[in-house]
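I opened my notebook for this one and wrote down each thing as I looked it up. Here are the entries in the order I made them.

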Amino acid sequence: MKKICFLLLAILGQVTLAKVSYKNYKVYSITPKSEHALKTLIDLETEAMEFSPFQFWHGPTKVGHEVTLMVGPEIQQNIKNMLNNSDFDSRIMMDDVEEKINNENRLWRSDVVNPVNWTVYNTLDEINNWLESLAIEFPSYITILKPGKTHQGRDIVGVKLDFSPLIQKQVVFMESNIHAREWITSAVNTYILDQFLRSTQTDIRALAQKYTWYFFPVMNPDGFVFSHTENRMWRKTRTRYNLFCYGADPNRNWGYQWMNGGASQNPCSDIYAGPRPFSEESVEVMRGFIANITDNMIAYLDFHSFSQMLLLPYGHTTDPLDNYDEMMKIAEVAMAKLEAVHRTSYIFGNVAETIYIAAGSSMDWVKGEFKVPIAYTYELRDRGQFGFLLPAEQILPTAEETLVSVVSIFEEYEKLHPTP
Ligand SMILES: [Zn+2]
């Protein structure tokens, strides 16, 4: 134990001094083929600490389901030994994570304020400055929203977009980067907002004008900043929970079926649900804000990465609840439209059956508490070649195909529920 603590302190010392390096970290795709193999992976996940030289990108769920595991050089031989067994199928998906990090955002410059133009991944300040600039450019349509502050005192910034503020309309909420490292998500969300303001395409104009829209590109500002400045692979909030471990998973922290599967009570885990529902300040702030606009809410869309999936509620059960059949029908059409743009194929289904059991998400809370008709979670590009480190050249194509599918979701819903 003493030895482990010493090691942790040594690593902690390094981490506080410099940005975390992922040099020679590899990413494995692993499929457990037996209960024993699955248990081995689950045991490994349970041992995860803040500075463990491994991290699950997709955790173990059941036999036959692919797991994505990032592994540091110091334990690569151990992992190889573990996988050298007919109970596992495995392959290396990424050879050097640090190299991918260096190539991900090549055109971004640290010495200037980079414009938000979907050729680079922007920082929190750049995104928030851009939102403020929209409120100046489009004062009749855009209102800046700052519903509250995070644990570290940052504003959570969003905008309301309404082309006819005097006419009451149904409401749509668009959320991204509740998971810090999923940078593609805020890039896609801001692109959709920008297209709603500037596109001359008829179907996009019609959709933008039909509803009152709320865009919150960065739902977890503390984690997002940390993923830019300290640790590219950071996922959680930045609340300190013990000597070594920070952060709860803000998408396991919402008070609907909280801790009912796919979440952890270990503060060092990447899926730590927090000590209680809504323990994270940023989640509590957004809970209050969202609860106030659900009366008239028709849709809640949240963006995550990666996997190329469109997910519908719920995460705690595979039962087809609420308007499951309708949501599946709409998803089928929307994903075909998405694929037609750049040949990116998506699968779709409820969270628990498609990806894994995961309770306590914002989408489930909105659907469960308020029965909002349309509720989807996107897992954006890719399938794992770059994972969270999707090169910035892919922002625009990802955003384009996603917008086409968003338009389609509302068109299909309208066909099933024509407004008089
Ligand atoms: Zn996510």
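This is a predicted model: local features need pLDDT of at least 70, side-chain atom pairs count only at pLDDT 80 or more; totals for chains, interfaces and linings use all residues.

**Rings**

I began with the aromatic residues, and the structure holds 27 aromatic pairs. Rings of Phe, Tyr and Trp (its six-membered ring) pair if their centres lie within 6.5 Å; planes under 30 degrees apart count as stacked, over 60 as edge-to-face and the rest as tilted.

I picked out Trp118 and Tyr191, an edge-to-face pair with 5.7 Å centre to centre and 85 degrees between the planes. Trp118 sits in the loop between helix 4 (97-104) and helix 5 (124-137) and Tyr191 in helix 6 (residues 183-198), so this pair ties together parts that are 73 residues apart in sequence. Helices (H or I, at least four residues) and strands (E, at least two) are DSSP runs, numbered from the N terminus.

Is Trp118 buried or exposed? Trp118 counts as buried, at 9% relative accessibility. Tyr191 counts as buried at 9% too. My cut-offs: buried means under 20% relative accessible area, exposed over 50%, partly exposed in between (1.4 Å probe, protein chains only).

Next I checked Phe196 and Phe215, which are edge-to-face at 6.1 Å centre to centre, with 75 degrees between the planes. Phe196 is in helix 6 and Phe215 in strand 8 (residues 212-216), so the pair ties together parts that are 19 residues apart in sequence. Phe196 is buried at 0%, and Phe215 is buried at 0%.

I also noted a cluster: ring pairs link Phe173, Tyr214, Phe216, Phe289 and Tyr300.

**Where the model comes from**

Residues are numbered from 1 along each chain as its sequence is written, and side-chain values use heavy atoms, with hydrogens and water left out.

**The whole chain**

I looked up the fold elements: the protein chain has 13 helices and 12 strands. Its radius of gyration is 21 Å, close to the 22 Å that the globule rule gives for 420 residues, so the chain is as compact as a globular protein of that length. That radius is taken over C-alpha atoms, and the rule is 2.2 Å times the number of residues to the power 0.38. Of the 420 residues, 60% count as buried.

I found Thr31 in strand 1 (residues 26-32), and Thr31 counts as buried at 19%. Leaving aside neighbours within four places in sequence, Thr31 is in contact (heavy atoms within 4.5 Å) with residues including Gly64, His65 and Asp87.

Ser264 is in the loop between helix 8 (221-229) and helix 9 (281-291), and Ser264 is buried at 15%. Not counting residues up to four places away, Ser264 touches Met259, Ser269, Ile271, Tyr272 and Ala273.

Most residues other than glycine have a negative phi, and most peptide bonds are trans. So I went looking for exceptions.

Pro313 and Tyr314 are joined by a cis peptide bond, omega about 5 degrees. Arg381 and Asp382 also have a cis bond, with omega about -5 degrees.

Asn24 is not a glycine, yet it has a positive phi of about 65 degrees. Asn24 is in the loop between helix 1 (2-17) and strand 1 and is partly exposed at 40%. Lys371 has a positive phi of about 50 degrees, and Lys371 is partly exposed at 47%.
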